[in-house]
Amino acid sequence: MAISAVLILAITGFAWRSVDNLIANIDRIGGLGLGGGRDGAVDILLVGIDSRTDAHGNPLTTAEREMLHAGDEVGTNTDTVVLVRVPNDGRSATAISIPRDSYVDIGGQGKAKINSAYGATKETERAELLEQGESESDAERDATKAGRQALIKSVADLTGITVDHYAEVSLLGFVLLTDAVGGVEVCLNNAVDEWMSGAQFPAGRQRLDGKQALSFVRQRHDLPRGDIDRIVRQQVFMAQLVGQLLDAKILANPGKLSEISEAVGRTVVLDDGWDVLGFLQQLKDLSGGEVAFETIPVADLNSMTSDGESVVRVEPEAVRDYIAGLVGEQRAEEPAEPEVDPSTVTVSVLNAGGTAGLAGRVSTALTGEGFREGLVGNYTGASVTSSRVLAADTSDPKAAAVAEALGGLTVVADTSLSADTVSVVLASDYSGPGSAAAGMFDLDGTSSATATPIPPAPPIDAGQNGPKCVN
């Protein structure tokens, strides 16, 4: 959120000539596969990282971890995922939040929460690189890159846009920036006392320092709409932060600018192909100098996966149409993957677990979706611990259709299979259609029996007067 404040300030046209001092010390990364799309806007992915290291990989001190109320667990989750869309025609920018629990397709993982794309991919890649003999430092660097790439691809797949630029900030950066501007005013509808985030605040208007502000924007438990209310908090906080910076002309104060520069230099990462100063110069004449904060449409806020995990269900088509509409364009038809007719796909289902009759039930579920029944029986190959779809080629669209129908199983290459053969191997972890756990769940593995849709709300304006009161 720190780098988003800097970018939004520049987008509003305020003191853009001063940001060169902020940008000079920022860590740069390459090879993320950015840009190349033509979708009517420059799209910037802003990521807030729940990490116990700074932008340069240095561990935080014990005092800093305590200040962040972050603990010592290992892992890198993306607590905040925001797309900033800047239309090419000079109209004002929009910052679009993506709920961290959005249940999406993640390469190599199947269906999972979008906030796990970075961390889970990173840890898997790191373990493989260490096993291959890479040093700790090289494995960490390469695995982190793989995690960032996985998140970028997951966001692009969900939204239908090409991410042009990438900006990442750690929790520490958020705290340091808030303290640098002397705290930020917020307003709560009701008092809160929630131990997991450390949020303990009275109702009404109040000014929060960095540590308090972090608890304010991280709380999602004990809120009426969970992660959606947390996103609203993040948006109104950012709107108020931008407004305070504009009013106080913080970036015109050399002392404050130095403090902000130090915070940004230690905690922010940008892609190395981004000419930020040139980009900001192009933005200084944006009409009205406004930024609107919005959230993607949610199909079900209270969805559950077949294994009991709470997730936010989103529909990619609805999300893509919504985002395309933000730049006033009809979404271009994608060169899409050829649609697979289930009646042309014969699927063998093999049981590698201990649940009697599972292969038959899963085969019945597939035939109910139009697939043709193949061999149904027990698996006699090498021991497996995770369910999978087998095909001669992992890019086989028929295998992908079967994997999607079963809730997002991973497609694994099996060179012993012919090009027109698709097999499913069911291990003890299987909980998709046809399993006892599936019962009331859809083919994507989530329940929609009591769906709670959340359509996009009116945008939050960074130019409003005073903090907006929120849950």
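**View A. In the largest nonpolar core, which has 47 residues, Leu 68, Val 84, Phe 201, Phe 216, Phe 237, Leu 270 and Phe 293 touch the most other members.** Another core, of 35 residues, lies apart from it and includes Ile 106, Val 269, Val 319 and Leu 326. A nonpolar core is here a set of buried Ala, Val, Leu, Ile, Met, Phe, Trp, Tyr and Cys residues joined through side-chain atoms within 4.5 Å. Buried means under 20% relative accessible area, exposed means over 50%, and partly exposed covers the range in between, with a 1.4 Å probe and protein chains only. The model is predicted: local features need pLDDT of at least 70 and side-chain atom pairs count only at pLDDT 80 or more, whereas totals for chains, interfaces and linings use all residues. Residues are numbered from 1 along each chain as its sequence is written, and side-chain values use heavy atoms, with hydrogens and water left out.

**View B. The whole chain contains 13 helices and 22 strands.** Helices (H or I, at least four residues) and strands (E, at least two) are DSSP runs numbered from the N terminus. Of the 471 residues of the chain, 52% count as buried. Among the contacts in the chain with a separation of 6 or more, 74% are made by residues 24 or more positions apart; contact means heavy atoms within 4.5 Å.

**View C. Strand 4 (residues 93-97) lies between two partner strands, strand 3 and strand 13.** Two strands pair if DSSP finds at least two bridges between them. Strand 3 (residues 77-87) runs antiparallel to strand 4 and is joined to it by four bridges; here Val 84 stands opposite Ala 95. Strand 13 (residues 291-295) runs parallel to strand 4, with five bridges between them, and Ile 96 stands opposite Glu 294. In a regular strand the side chains alternate between the two faces of the sheet. In strand 4, Ala 93, Ala 95 and Ser 97 point one way, while Thr 94 and Ile 96 point the other way. Because five of its five residues are buried, strand 4 is largely enclosed by the rest of the structure.

**View D. An open sheet of five strands has the order 17-16-20-18-19 and mixed pairing.** Its edge strands, strand 17 and strand 19 (410-413), each pair on one side only. Neighbouring strands of the sheet are turned by 25° against each other on average, direction ignored. Strand 16 (residues 346-351) pairs in the parallel sense with strand 17 (residues 372-378) over five bridges, and it also pairs in the parallel sense with strand 20 (residues 422-426) over five bridges. Leu 350 illustrates both pairings: it stands opposite Gly 377 in strand 17, and its bridge partner in strand 20 is Val 425.

**View E. Helix 12 (residues 358-368) carries the chain from strand 16 to strand 17.** This β-α-β crossover is right-handed: with the strands pointing away from the viewer, the path from the first strand over the helix to the second runs clockwise. Helix 12 packs on the sheet and touches strand 16, strand 17 and strand 20. The direction of helix 12 makes about 160° with that of strand 16. Axes are lines fitted to C-alpha atoms, for helices over the stretch in contact, and angles run from 0 to 180 degrees between N-to-C directions.

**View F. Helix 5 (residues 136-159) has 24 residues.** The expected span of a helix is 1.5 Å times one less than its number of residues. Just after helix 5, Gly 160 takes a positive phi of about 75°.

**View G. Helix 6 (residues 171-180) is mostly covered, with eight of its ten residues buried.** The buried residues are Leu 171, Leu 172, Gly 173, Phe 174, Val 175, Leu 177, Thr 178 and Ala 180. Just after helix 6, Gly 182 takes a positive phi of about 80°.

**View H. Asp 222 is found in the loop between helix 7 (210-218) and helix 8 (227-248).** Most residues other than glycine have a negative phi. Asp 222 is not a glycine, yet its phi is positive, at about 65°. Asp 222 is exposed, with a relative accessible area of 63%.

**View I. Asn 471 lies in the segment after strand 22 (469-470).** Asn 471 is partly exposed, with a relative accessible area of 30%. Leaving aside its neighbours within four places in sequence, Asn 471 is in contact with Leu 188, Asn 189, Leu 223, Pro 224, Asp 229 and Arg 233. The C-alpha atoms of Asn 471 and Arg 230 are separated by 8.5 Å, although these residues are 241 residues apart along the chain.
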